[in-house]
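Here's a quick look at the pockets, the core and the aromatic contacts of one model. Have the viewer open while you read.

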Amino acid sequence: METLYTTGLEIHFAGIVVLFAVVLFNLVMLALSHQLIRYAKRLRIVMPISASLITISIFTGSVMMAAKHLHFTFANVAMIIVSIVFIILEIKRYRILKYQTDIREDNAFTRYKQKAFQILGLEVFLLVLMSIWMLV
């Protein structure tokens, strides 16, 4: 049983590391993009990857909680809250691009970039904060 839990922790940590890399890739892609339509097309490729990695981290976390007989600790509750916040931030970032950004406006992409940088910065902060907390 302990081997299962250790393997689950390793898979969970690897999923979080890859999720962090995808968030950093999103930041770089946003910083280097200059055209809204090209960025939106690229985001449609990267967004499912982000969603899949969030799902993997939630699934492996819930499997590990089940292995520990659903014993809720403060760290587990914090990870659940961070996961929900992460999902909300990703939905918000996509909705801003899809519904609130008008292609015909001159500064539309600049305004989107400001909001997206804030959201991605918050995601990086949450990932780093939770990772440091769990490693210490």
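Helix 2 gives the largest share of the lining of the largest pocket, 7 residues. Helices here are DSSP runs (H or I, at least four residues), numbered from the N terminus. By pocket I mean an open set of points on a 1 Å grid over the protein atoms alone, where a 1.4 Å probe fits, with protein on both sides within 12 Å along at least five of seven lines; lining residues have an atom within 4 Å of a point. Keep in mind that this is a predicted model, with local features needing pLDDT of at least 70 and side-chain atom pairs pLDDT 80 or more, while totals for chains, interfaces and linings use all residues. Numbering starts from 1 along each chain as its sequence is written, and side-chain values use heavy atoms, leaving out hydrogens and water.

Back in the largest pocket, 28 residues make up the lining, and H12, G61, M64, M79 and M134 lie nearest the centre. Helix 1, helix 2, helix 3 and helix 4 each give two or more residues to that lining.

For the second largest pocket, the lining includes L36, K41, R44, Y94 and D102.

In the class column, Ala, Val, Leu, Ile, Met, Phe, Trp, Tyr, Cys and Pro are nonpolar, Asp, Glu, Lys and Arg charged, and the others, Gly among them, polar.

| Pocket | Volume | Lining by class |
|---|---|---|
| Largest pocket | About 760 Å³ | 18 nonpolar, 9 polar, 1 charged |
| Second largest pocket | About 220 Å³ | 6 nonpolar, 1 polar, 4 charged |

What about the rings? There are 4 aromatic pairs, counted when ring centres lie within 6.5 Å, with planes under 30 degrees apart stacked, over 60 edge-to-face and the rest tilted. Y39 and F109 have centres 5.6 Å apart and planes at 55°, so this pair is tilted. Y39 sits in helix 2 and F109 in helix 4, so the pair ties together parts 70 residues apart in sequence. Y39, F109 and Y112 form one aromatic cluster.

Note on methods. Grid points are joined across faces, edges and corners, and a volume is the space filled by probe spheres set on the points. Rings of Phe, Tyr and Trp (its six-membered ring) pair if their centres lie within 6.5 Å; planes under 30 degrees apart count as stacked, over 60 as edge-to-face and the rest as tilted.
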